[in-house]
Amino acid sequence: INEISQNINEQVVDEIKKSPLFAIQLDESTDVALCSQLLMFAQNMVEGDFKDSFLFCKTLDTTTKAQDVMEIVKNFFEVHGLDWENLVGVTTDDAPAMLGSRSGFQTLVKQYTPMVTGVHCFIHREALASKTLPDQLNNIFKGLVKVVNYIKSLALNTRLFKRFCQDMGSDFDVLLFYTSVRWLSAGNVLNRVFQLREDLDLFLQAQGKEEFQNVLMQSNLEFAYLVDIFGILNKLNLQLQGKGANLFSHPSIIKAFLDKLELWIIRVEGNNLVQFP
């Protein structure tokens with residue numbers, strides 16, 4: 001397995017070396033074990049077409065400052081003989097360690113290749129925009145997350161709820177965890193809760209958790225809207241991913257979505273809710 005992995009890595013690096021120019025994308029995230037992981041991807045040219053490749057996932061053992069990220073990337077470039085002068089683009093999220101104007105990672109990269117272009121990830125921008133919920137909807141959303149966490153955070157509750165759903169003949173028997181740094185998780189979590197809301201209500205009643213029952217059942221209209229709007233945002237999110245997605249196609253996708261919002265506002269004012277199933 002190690003030899004196969006090394007061989008694939010060598011092939012990817014060799015293709016990047018043969019490419020006249022290449023760009024990198026980085027993401028630093030903390031996993032479920034509270035371990036900070038740095039992932040790096042590359043985009044280069046192969047036979048006249050663009051190719052996206054995964055380069056590595058490495059652990060940040062101590063701090064997650066720009067200098068720590070830079071040391072890992074710099075070491076990877078040195079070990080594999082990659083030329084900084086061929087690097088033309090760096091994409092990151094907007095964390096200070098990544099985009100800081102004085103000591104951020106993108107600033108440190110420009111010390112090696114001054115002409116490199118720094119870009120703030122389009123999908124991350126969309127994710128940030130989707131977090132600005134009105135207070136009423138935000139309170140309901142946080143309450144629903146607490147309901148999920150009550151069941152998912154305890155192994156016993158998870159097993160009891162699964163058995164309860166199976167006895168009730170439900171289509172699903174597992175809730176999904178909400179993680180704020182996972183961009184698609186809100187829509188998936190809310191959709192699953194909505195599908196299981198009646199089973200959840202009965203389960204919470206049996207557990208004597210009246211406060212969670214109130215959260216679950218008091219705002220059906222807002223709850224349904226959250227499920228719909230986050231589902232729509234998930235579809236938008238997926239449109240911004242995949243082969244061929246680039247900085248030129250993204251603005252047109254975002255503009256089309258904004259135009260849809262204007263149309264939906266007009267429809268809702270006329271009591272037409274066809275876009276919200």
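Analyst: Ile229 counts as buried because its relative accessibility is 12%, where buried means under 20% relative accessible area, exposed over 50% and partly exposed in between (1.4 Å probe, protein chains only). The model is predicted, so local features need pLDDT of at least 70 and side-chain atom pairs count only at pLDDT 80 or more, while totals for chains, interfaces and linings use all residues. Residues are numbered from 1 along each chain as its sequence is written, and side-chain values use heavy atoms, with hydrogens and water left out.

Ile229 sits in helix H11, residues 220–239; helices (H or I, at least four residues) are DSSP runs numbered from the N terminus. Its C-alpha atom is separated by 38 Å from that of Thr62, 167 residues apart along the chain.

The second largest pocket has a volume of about 830 Å³. Of the 29 residues that line this pocket, the closest to its centre are Tyr225, Asp228, Ile229, Leu261 and Phe276. Two or more lining residues come from each of helix H5 (122–129), helix H8 (185–195), H11 and helix H12 (250–269). H11 gives the largest share, ten residues. By type, the lining divides into 23 nonpolar, three polar and three charged residues. Here Ala, Val, Leu, Ile, Met, Phe, Trp, Tyr, Cys and Pro count as nonpolar, Asp, Glu, Lys and Arg as charged, and the others, Gly among them, as polar. A pocket is an open set of points on a 1 Å grid over the protein atoms alone, where a 1.4 Å probe fits, with protein on both sides within 12 Å along at least five of seven lines; lining residues have an atom within 4 Å of a point. The volume is the space filled by probe spheres set on the points, which are joined across faces, edges and corners.

H12 also holds a charged pair. Asp259 and Lys255 both lie in this helix, four residues apart, about one turn, and their side chains meet in a salt bridge (3.2 Å, N to O), that is, a side-chain nitrogen of Lys or Arg within 4 Å of a carboxyl oxygen of Asp or Glu. Asp259 is partly exposed at 42%, and Lys255 is exposed at 52%.

The whole structure has four salt bridges. Among them is Asp14 with Lys18 (3.2 Å, N to O), both in helix H1, residues 2–18. Another joins Arg163 to Asp167, the closest N and O atoms being 3.5 Å apart; both lie in helix H7, residues 155–168.
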